[in-house]
Amino acid sequence: MSARREMPGRMLRLLSLLQSRREWSGHELADRLGVTERTVRRDVERLRALDYPVTGTTGTAGGYRLGSGTHLPPLQLDDDEAIAVALGLVGAAGGGVSGMAASSMSALAKLEQVLPARLRPQLAAVSSAAEAIPRPGVPQVDPGVLAVLARCCRNHEIVAFDYHGRQRGTTRRRVEPHQLLTLSWRWYLLAFDPARDDWRIFRVDRISSVTPALHRFTPRVLDGPSYLLESFVSAQYEHTVELTVEAPADAVTSTFEGVVRGIVEPLGPSSCTVRFSADTPALLLTQVAAIAVLGPFTVDRATPETSALITAAGARLVRAFALGNDQADAEGQHTDGE
């Protein structure tokens with residue numbers, strides 16, 4: 001019987017934990033496994049005897065880390081994790097990462113081969129029945145850039161890169177990477193910029209020449225997803241429209257689509273004001289059209305380009321539907337005459 005088959009379930013769980021994070025303290029591992037720290041130390045020694053490169057340091061900041069070596073730890077996934085990985089790979093094929101379609105399907109095929117036999121039918125069902133359709137026009141992200149940024153986020157390592165901004169051109173940035181976030185098929189890096197003493201959001205498709213600085217930093221606490229959404233809401237772009245809507249604030253908020261969101265301020269139980277801001281008037285057109293479905297509203301302020309585009313689009317809609325109704329009425333009268 002192989003050494004892997006002789007390994008108890010607890011040691012396999014220990015390997016799984018060591019794979020999931022860069023470093024664990026003995027106390028954390030003992031708590032997760034439901035054993036004493038002495039048992040953890042003993043299990044670590046058993047893993048080392050099996051040639052798994054588990055390194056450890058002593059002291060108050062000490063812990064355990066799974067290093068690189070010739071033996072690959074067995075892949076440990078439960079049923080839900082296996083399906084989550086499969087769906088993630090399928091979704092990645094249609095996302096904004098360059099070249100991921102073929103790589104995702106190849107990884108999914110390999111995953112089927114290393115998982116336990118009881119999970120393979122579920123994985124095969126997902127891979128054969130699910131397919132992600134790429135979204136046209138989404139900026140493509142270099143997977144190598146994404147991998148380096150992800151590693152620096154995980155390891156709390158300072159990273160430097162060239163950033164191609166909308167207004168300032170290309171600048172060299174040196175930041176503390178906090179989290180990678182994806183919204184509407186676009187990837188964003190949330191990082192703290194020491195030079196500006198503030199948080200910044202970078203579009204990953206505008207990042208190049210990534211270089212880890214190999215200097216660790218103490219991570220700061222921030223709710224990344226909430227910060228990203230609030231930044232979109234409060235951002236002031238070139239084109240803006242402000243409306244007073246005869247509808248409850250909750251109803252208005254629920255109509256928002258995509259990354260263009262509005263600042264909603266209730267005026268009472270049945271009315272509110274809303275402000276949209278975006279790079280182009282066309283993005284604001286879709287939001288104003290969604291608001292118009294809710295009921296009456298007035299335009300308090302709009303940038304000239306936005307006002308002109310929405311007015312022209314509205315006139316074309318009126319003419320098109322009026323013509324369509326006239327034709328339908330005429331066809332109905334002709335049929336009645338027969």
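Contact here means heavy atoms within 4.5 Å. Keep that in mind, please. This is a predicted model, where local features need pLDDT of at least 70, side-chain atom pairs count only at pLDDT 80 or more, and totals for chains, interfaces and linings use all residues. Residues are numbered from 1 along each chain as its sequence is written, and side-chain values use heavy atoms, with hydrogens and water left out.

Let me start with Phe161. Which residues does Phe161 touch, not counting residues up to four places away in sequence? They are Thr171, Arg172, Arg173, Val175, Leu189, Phe202, Ile207, Ser208, Ser209 and Val210.

Phe161 belongs to the largest nonpolar core, which has 19 residues. A nonpolar core is a set of buried Ala, Val, Leu, Ile, Met, Phe, Trp, Tyr and Cys residues joined through side-chain atoms within 4.5 Å. Buried means under 20% relative accessible area, exposed means over 50%, and partly exposed is in between, with a 1.4 Å probe and protein chains only. Leu149, Phe161, Leu189, Phe202, Val204, Ile207 and Val210 touch the most other members. Two or more residues each come from helix 8 (143–155), strand 3 (157–164), strand 4 (170–183), strand 5 and strand 7 (207–216). Helix 8 gives the largest share, six residues. Those element names are DSSP runs, numbered from the N terminus: helices are H or I with at least four residues, strands are E with at least two. Apart from this core lies another, of 16 residues, among them Leu15, Leu17, Trp24 and Leu47. As a general note, nonpolar side chains tend to be buried together in soluble globular proteins.

Five strands make an open sheet in the order 6-5-4-3-7, with antiparallel pairing. Two strands pair if DSSP finds at least two bridges between them. Strand 6 and strand 7 are the edge strands, each pairing on one side only. From one strand to the next, the twist averages 45°. For angles, axes are lines fitted to C-alpha atoms, for helices over the stretch in contact, and the values run from 0 to 180 degrees between N-to-C directions.

Go along that sheet. Strand 4 and strand 5 run antiparallel, joined by seven bridges. Thr182 has Trp187 in strand 5 as its bridge partner. Next, strand 5 (residues 186–193) pairs with strand 6 (residues 198–203) in the antiparallel sense, over six bridges. Leu190 stands opposite Ile201 in strand 6. Strand 5 and strand 6 form a hairpin with four residues between them. In the turn, Asp197 has a positive phi of about 50°.

Helix 8 lies across strand 3, strand 4, strand 5 and strand 7, at about 25° to strand 7. Helix 9 (residues 224–234) lies across strand 4, strand 5 and strand 6, at about 110° to strand 4.

Six bridges join strand 9 to strand 10.

Look at Ser271, in strand 10 (residues 271–278). Is Ser271 buried or exposed? Ser271 counts as buried, because its relative accessibility is 14%. Gly268 has Ser271 as its bridge partner. Ser271 also touches Val245, Glu246, Ala247, Pro248 and Pro266, leaving out residues up to four places away in sequence.

Last, a helix pair. Helix 2 (residues 9–20) and helix 3 (residues 26–33) pack at an angle of about 130°, with axes 11 Å apart. Helix 2 and helix 3 are therefore oblique to each other. On that scale, angles under 35 degrees are roughly parallel, over 145 roughly antiparallel, 65 to 115 roughly perpendicular, and the rest oblique. Arg10, Arg13, Leu14, Leu17 and Leu18 in helix 2 meet Leu29, Arg32 and Leu33 in helix 3.

Finish on Arg32, in helix 3. Arg32 is exposed, with a relative accessible area of 55%.
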